[in-house]
Amino acid sequence: IGISLGPSIPMGDLSSKDVDNEAAGFANSGAVFDISFAYKLGEGNFGLTALLRGQSNPTDAQAIADVFAYEFPSFGWTVDSDGWGIGGFMLGGFGSFPISEKYTFDTRAMIGFLSASSPEFNVTGTGPGGSLWVKQSSKSATSFAYLIGAGFKFKISNRLYLLTNLDYLASNPEFLNVETIASDGSRQTDTWSQSLGTLNLSVGIALKI
């Protein structure tokens, strides 16, 4: 049983801040926390593994404000936003290959389901004639996900190990009926998918039972 934590780096569309990319997620690096379970099959190098994961990636509020400034340059824009939240359960297999008496190289491949929450945005613009605001609500969605990763395990004692892991997690949830309201009284709902790809580096400890 292992517990690990470390940085989570968004990749692809999730990290994009391109004004011309409609799928841009404006995500910054965040944090990941894992609880992992591994069971070796027989005396070989392979086994079964499971993972409980939670991670959060904040959004770049200034980059979002820059998008509004690009579209409406006569206004001054400020943005208050939450981050992307991801949590879920994964199952799969692992391979464990000893390098020395104390060091082991581990690989794993997993599939599972994740629950993701989109950020809430509050955008305020100030310009000629006064101010206006736009608010997009947060929404949750569940989707299939996969994970591939590798790392090293260092034997501290007969039962205690130090873990290092590097993995890539990918999912593509669809957020349904995301509501946006504005200061002029307008209200609309949209449905869209978001590619969620993150590169995660974690360090932790494991206990052999």
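Two strands are taken to pair if DSSP finds at least two bridges between them. In this predicted model, strand 5 and strand 6, the latter covering residues 103–117, pair in the antiparallel sense over 14 bridges. Within this pairing, Asp106 of strand 6 is the bridge partner of Ser96. Both strands belong to a closed barrel of eight strands, which runs in the order 1-2-3-5-6-9-10-13 with antiparallel pairing. From one strand to the next, the twist averages 25 degrees.

The surface carries a nonpolar patch formed by Ile1, Phe37, Leu52, Phe89, Leu91, Ile156, Leu160, Leu162, Val203, Ile205, Leu207 and Ile209. Together these residues present about 1,100 Å² of accessible area. At least two residues of the patch are supplied by each of strand 5 (84–98), strand 10 (160–171) and strand 13 (196–207). The most is given by strand 13, with three residues. Leu207, a member of the patch, is placed in strand 13. Leu207 has a relative accessible area of 39% and is therefore partly exposed, since that class lies between the limits of 20% for buried and 50% for exposed residues.

In general, most residues other than glycine have a negative phi. Phe26, by contrast, has a positive phi, near 55 degrees. Phe26 is located in the loop that connects strand 1 (2–11) and strand 2 (30–40). With a relative accessibility of 11%, Phe26 counts as buried, because buried denotes a value under 20%. A positive phi is also found for Asn177, near 50 degrees. Asn177 lies within strand 11, which spans residues 174–182. The relative accessibility of Asn177 is 47%, so this residue counts as partly exposed.

A further loop, between strand 3 (46–57) and helix 1 (61–71), contains Thr59. The relative accessible area of Thr59 is 10%, and this residue is therefore buried. The side chain of Thr59 makes a polar contact with the side chain of Ser81, at 2.6 Å. A polar atom of the Thr59 side chain also lies 2.6 Å from the backbone oxygen of Asp82.

Note on methods: Residues numbered from 1 in each chain as written. Predicted model: local features only at pLDDT ≥ 70, side-chain atom pairs only at ≥ 80, totals over all residues. Heavy atoms only, no water. Patch = residues over 30% accessible without salt bridge, like charges linked within 9 Å, V, L, I, M, F, W, Y side chains within 5 Å. Areas by Shrake-Rupley, 256 points an atom, 1.4 Å probe, with all protein chains shown as cover. Salt bridge = Lys/Arg side-chain N within 4 Å of Asp/Glu carboxyl O. Helix = DSSP H or I, 4+ residues; strand = E, 2+ residues; numbered from the N terminus. Buried < 20%, exposed > 50% of the residue type's maximum accessible area, 1.4 Å probe, protein only. Axes fitted to C-alpha atoms, helices over the stretch in contact; angles between N-to-C directions. Polar contact = N/O pair within 3.5 Å; in protein donor to acceptor, adjacent residues only side chain to side chain.
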